[in-house]
Amino acid sequence: MSVKDKGIDIEGSIFLKAKRTTSAKILRSTIAILISNNEIHLLSDEDGGSNFDTPIKVNVWIKENNKGDEGELLNNTVSVEVKNNKIFGEGGIWDEYKAYIYAWAHISGVTTNMSNNKVSVKVLNNEIYSATELSADTAIFARGHIWVNSLDSSRTIKFENNTVTVVVEGNMVNNSSVETGINASAFLGMKSEADSNLVRLQDNNVSLSVAGNALKQAMIVEGSRMLGTGVWAFTYLGVNYDDPAYIENLDEVLADLRGPNYVSLSIVRNNLTMFDEAIHLPSLESLPRTEHYSIKEVTPDIHFNNFIYDNIGVYAEESNTVPEGYNLTHNWWGNVNGPSGIGHGSGCKVLGDAQASYTPWLNAPYPAGEPLTGVGTSSTVPSGNTLTLSKNDRYGGIWRNVSVTLTNDGESSSRFGLTIFRDGKPAPETPPTNTLYYFDVYVEDGDPTNMQVIVKANYSESYLGGAPEETLKLMWWNGSAWVEFSNCSVDTDHNVVTGYITPNTVPSIRDLRGTVVALVYTPSSAVVGGELEVPTASSDWGLVAAATLTVMAAVIVASRKL
């Protein structure tokens, strides 16, 4: 093939254009496209580009264009399936808006009755790989929609029993340099160019699933910033008025939703590596809330994803289509202490205007990772300042008390944080002796050769079951085993265990990048059994000093975190 020829390019339609006085109908029509088990080699041209614009492209639709708004589209089906294909080689796709796999199916028209139609787009188990950098606007583009344009305000638009389904699952994209790894959307609705329309939406379903994909960007950075978005996804069911001025009173019945209508979004079991934004959830306007409002809003499922060396794990824009916020639980954020951003950990960030919950998170990458919960805090200390973070947590019959003090004498700011773990296993193995509780400390940015850290953890004698206080010590998980602090002491007068950390201790300053610490003790052989007494504010804790972590930094240099 010559340079810029097509790979697999399918474009087709069932199209009906009618005059204004004609009543047009498209009934029981079907378009079904299957592209499977192909192998496509990208060859580099003299400019470093590819010999294909788009290796696999499918764009099919059923469209009725009746200027009189009298048309009907009933019982039609458009389906596209692209699966088990392999695309690999040397060249990139440099043109804007191009993709390695492009799949779009839709049904649309200027009509008064859009009912019992189905649109399905599936992109499954494809492999896109190159030994060199793969460049494109998008690796996989998948879109399905059912849409009506209205020109006449006197018409009532009927939407009933339509289904839009988009599934992107089991695909692998490796060594890419793309603006977007997966651009997926599913929507159903209407655009009105008239001043008002009564729109009847009933028993419609819109669903989008992005599951089990593995996306890895090439090791390329722009300054100190990684490139690209891993997954850009949205679902929508609604009415869009061409001129917002037409909507003067949202209490007017602009949309008659007799429901239930269902909208769902699922992003699960994906491996997303080295993206600037691993998942981006855009903001969309929902339907006007009227007394007939009955759409079924489904909280998006965003679970069991592995965010690996990403800058931002999830960026969620505020949207009234998701009033309860986004559920981001059971994901691996790249560190056992959970996400940063709105989170208190040092893993990939969770950012955006939308509400989001991320607890519990996973203690290791899916599928081996298990749920883990905790409470914590984090902050940034400017150069020449001292700041204390503290956390008191009473959970499961144990009162944990930890504080962190960072003195920053360096020339740049330093970020630090503290997490007290509750349920779950913060490390794959438990310490070889009894554990009171676990916590995590991290210090980011700065020169580790000019820092000293002092860790202090509180305890109550009633928790020891008669064991000698002198057996208390701090241990840390080094990634493969539990190791004792090389410099640790017990203050039995104030019930504090102190560990000292320098560049030459175990653990060292360099190890404080999400370090799980356990406060442990050795049980007395004379103790057979008994119950632990939870201290009250007037008993043991009245004399307990706050646990403290002090960091003295002579020189701090900002460093980039992948």
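Leaving aside neighbours within four places in sequence, which residues is Asn 117 in contact with? They are Leu 73, Leu 74, Asn 75, Asn 76, Ile 107, Ile 146, Asn 161, Asn 162 and Thr 163, where contact means heavy atoms within 4.5 Å.

This is a predicted model, in which local features need pLDDT of at least 70, side-chain atom pairs count only at pLDDT 80 or more, and totals for chains, interfaces and linings use all residues. Residues are numbered from 1 along each chain as its sequence is written, and side-chain values use heavy atoms, with hydrogens and water left out.

Asn 117 belongs to the loop between S9 and strand S10 (118–124); strands are DSSP runs of E, at least two residues, numbered from the N terminus. Its relative accessibility is 0%, so Asn 117 counts as buried (under 20% relative accessible area, 1.4 Å probe, protein chains only). The Asn 117 side chain also reaches the backbone oxygen of Leu 73 at 2.9 Å.

The structure holds twelve aromatic pairs (ring centres of Phe, Tyr or the six-membered ring of Trp within 6.5 Å; planes under 30 degrees apart are stacked, over 60 edge-to-face, the rest tilted). Tyr 102 and Phe 141 are stacked, because their ring centres are 4.7 Å apart and their planes at 10 degrees. Tyr 102 lies in strand S9 (residues 99–115) and Phe 141 in strand S11 (residues 127–150), so the pair ties together parts 39 residues apart in sequence. Both Tyr 102 and Phe 141 are buried.

Two charged ends sit over rings (NZ of Lys or CZ of Arg within 6 Å of the ring centre and within 35 degrees of the ring normal):

| Charged residue | Ring | Distance to ring centre |
|---|---|---|
| Lys 57 | Tyr 102 | 5.5 Å |
| Arg 143 | Trp 104 | 5.2 Å |

Note on methods. Helices (H or I, at least four residues) and strands (E, at least two) are DSSP runs, numbered from the N terminus. Buried means under 20% relative accessible area, exposed over 50%, partly exposed in between (1.4 Å probe, protein chains only). A polar contact is a pair of N or O atoms within 3.5 Å; within protein, one must be able to donate a hydrogen and the other to accept it, and residues adjacent in sequence count only if both atoms are side-chain atoms.
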